[in-house]
Amino acid sequence: MDNIIDFIKMNLGWIITIAGFFIPRVRDFVIKQFQSSLDKALEDKKSVNERKNYISKTRFDTEFEIYRQLSKDSFATVKLISRLIPYGLVSVPVFNTEGEKDEYDKKIYKEASDAFLIMQDNLQINAPFIKEELYDGYNEILALCNCQLHVFQQRWNLSFVGVCKDDKLPTTEDYERTKEMQDKFDDLNKKVREYLASLDVL
């Protein structure tokens, strides 16, 4: 212990000189590291803020209600039109007579047509308040739904007794269109969810 004290006393000048040389550099290094961490944290926060769209509560509530209603309408439309030309394994009612099947087909066609018109009207009414990309997405679904309605209408002469025309039976392409419609609906729901999550109320 005495040897250490003696060494320090003998070399105190050198120790002070060396310490004077390194302490500012260590201090500057620590400050630089701290500043770098602070800058990164601020940049991350700025990036998050830039991804957010700040809107009023009134606007948020209005947009939320519009998308909620469109989601409900489009779900009903896709569901009902998928029953006209189903894709994959679906349960089909058992009919005792051809007349029962005709009545069933007329019924689901009318329900699907009504749902389609409700969705179409609601989309057009709210068009000015909907993000363009999402508006286009709903229109794509409507176009596919309209096509399926047309295919089914051509298949059945609904003004008479619903006689099935063999040359108008749905093709593989028609069944695939139902799958495309369902996939687009799922994809659009994800986009709407992401858009609403990007909104922040002031």
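These legends describe close-up views of a predicted model.

**View 1. Helix H4 and its buried residues.** Helix H4 covers residues 98-125, 28 residues in total. At 1.5 Å a residue, H4 should span 40 Å. Its end C-alpha atoms lie 41 Å apart, which agrees. Buried residues of H4 include Asp105, Ile108, Tyr109, Ala112, Ala115, Phe116 and Met119. In an α-helix there are 3.6 residues a turn, so residues three or four places apart point the same way. The cover over the buried residues of H4 includes helix H3 (57-84) and helix H5 (132-155).

**View 2. Arg177 and its contacts.** Arg177 sits in helix H6, residues 172-198. Is Arg177 buried or exposed? Arg177 has a relative accessible area of 11%; buried means under 20%, so Arg177 is buried. Leaving out residues up to four places away in sequence, Arg177 touches Leu144, Cys147, Gln148 and Val151.

**View 3. Two cysteines, Cys145 and Cys147.** Cys145 is buried, with a relative accessible area of 0%. Cys147 is partly exposed, at 29% relative accessibility. The count of disulfides in the model is 0.

View 4. The whole structure holds 4 aromatic pairs. One of them joins Phe75 and Phe185: it is tilted, 6.4 Å centre to centre, with 40° between the planes. Phe75 is partly exposed at 47% relative accessibility, whereas Phe185 is buried at 8%. Tyr109 and Phe152 form a stacked pair, 5.9 Å centre to centre, with 15° between the planes.

Technical notes. Residues are numbered from 1 along each chain as its sequence is written. This is a predicted model: local features need pLDDT of at least 70, side-chain atom pairs count only at pLDDT 80 or more; totals for chains, interfaces and linings use all residues. Side-chain values use heavy atoms; hydrogens and water are left out. Helices (H or I, at least four residues) and strands (E, at least two) are DSSP runs, numbered from the N terminus. The expected span of a helix is 1.5 Å times one less than its number of residues. Buried means under 20% relative accessible area, exposed over 50%, partly exposed in between (1.4 Å probe, protein chains only). Contact means heavy atoms within 4.5 Å. A disulfide is a pair of cysteine sulfur atoms within 2.5 Å. Rings of Phe, Tyr and Trp (its six-membered ring) pair if their centres lie within 6.5 Å; planes under 30 degrees apart count as stacked, over 60 as edge-to-face and the rest as tilted.
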